[in-house]
Amino acid sequence: MGATVALTLVTTAPVLASRSEPGSDDCQNSAALTADEARVCANFHNMVEDARRLDADAVLKHFWADGFSAALAGELVRDFPGWADGYRALLATTESLDRVDFPQVVVRTIAEDTILLLNTYDQRVVLQSGDVLEPTGYGTQVWVRRQSEWRIVHIAGE
């Protein structure tokens with residue numbers, strides 16, 4: 001798993017063009033969101049703050065381990081424990097996330113208990129080695145409600 005992909009797991013998504021315009025964030029337009037979409041937006045932004053603090057365990061609490069899948073940089077993953085260990089190890093080599101921006105965020109309910117969160121991202125990551133990464137890209141998160149909790153079951157992105 002590449003450093004860029006692992007660090008950007010919280011910043012996923014191809015952007016759809018209906019409700020949102022380039023440079024828009026559906027999460028900032030609460031009047032256009034359902035209560036469930038607003039809850040997923042809040043969870044997403046909390047997860048981003050967890051990542052900014054380099055708290056891998058807090059980030060990973062936003063996922064359902066059972067049924068997890070990921071499609072990242074051409075790799076398909078269904079082993080959540082192994083993937084989570086790799087994420088923890090990689091975040092442990094990170095000095096700081098200096099920039100974590102989301103130029104576009106789109107939120108779509110696709111079923112009663114399933115919401116897509118799509119976004120573009122622009123980051124500046126400083127590794128403990130002193131190397132600086134500035135990844136940009138897109139991805140997708142599939143959030144599912146179980147027992148009244150919204151968590152991620154699938155991520156995809158590049």
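In which loop is the place of Ala-73?

**Figure 1. Ala-73 in the loop between strand 1 and strand 2.** In this predicted model, Ala-73 is placed between strand 1 (residues 69–72) and strand 2 (residues 75–77). Ala-73 is not a glycine, yet its phi is positive, near 50°. Most residues other than glycine have a negative phi. With a relative accessible area of 52%, Ala-73 counts as exposed because the cut-off is over 50%.

**Figure 2. Gln-147 in the loop between strand 7 and strand 8.** Strand 7 covers residues 136–146 and strand 8 covers residues 149–157, with Gln-147 in the loop between them. Gln-147, although not a glycine, has a positive phi of about 50°. The residue is exposed, and the relative accessible area of Gln-147 is 73%.

**Figure 3. Helix 2, residues 35–52.** Helix 2 has 18 residues, and at 1.5 Å a residue these should span 26 Å. The end C-alpha atoms of helix 2 are 26 Å apart, in agreement with that expectation. Buried residues in helix 2 are Glu-37, Val-40, Cys-41, Asn-43, Phe-44, Met-47, Val-48, Asp-50 and Ala-51. An α-helix has 3.6 residues a turn, so residues three or four places apart point the same way. After helix 2 comes Leu-54, which has a positive phi, near 60°.

**Figure 4. Asp-26 and its contact with Val-107.** Asp-26 is found in the loop between helix 1 (residues 3–7) and helix 2. Is Asp-26 buried or exposed? Asp-26 is buried, because its relative accessible area is 7% and the cut-off is under 20%. From this position the side chain of Asp-26 reaches the backbone nitrogen of Val-107, at 3.0 Å.

**Figure 5. The largest nonpolar core, of 35 residues.** The members that touch the most others in this core are Phe-63, Phe-68, Trp-83, Val-107, Trp-143 and Ile-155. At least two residues of the core come from each of helix 2, helix 3 (56–60), strand 1, helix 4 (80–91), strand 3 (94–101), strand 4 (105–111), strand 5 (114–127) and strand 8. Helix 2 contributes the most, with 6 residues. Apart from this core lies another, of 7 residues, including Val-106, Leu-116, Val-142 and Val-153. In soluble globular proteins, nonpolar side chains tend to be buried together.

How values were computed. Residues numbered from 1 in each chain as written. Predicted model: local features only at pLDDT ≥ 70, side-chain atom pairs only at ≥ 80, totals over all residues. Heavy atoms only, no water. Helix = DSSP H or I, 4+ residues; strand = E, 2+ residues; numbered from the N terminus. Expected span 1.5 Å × (residues − 1). Buried < 20%, exposed > 50% of the residue type's maximum accessible area, 1.4 Å probe, protein only. Polar contact = N/O pair within 3.5 Å; in protein donor to acceptor, adjacent residues only side chain to side chain. Core = buried A, V, L, I, M, F, W, Y, C linked by side-chain atoms within 4.5 Å.
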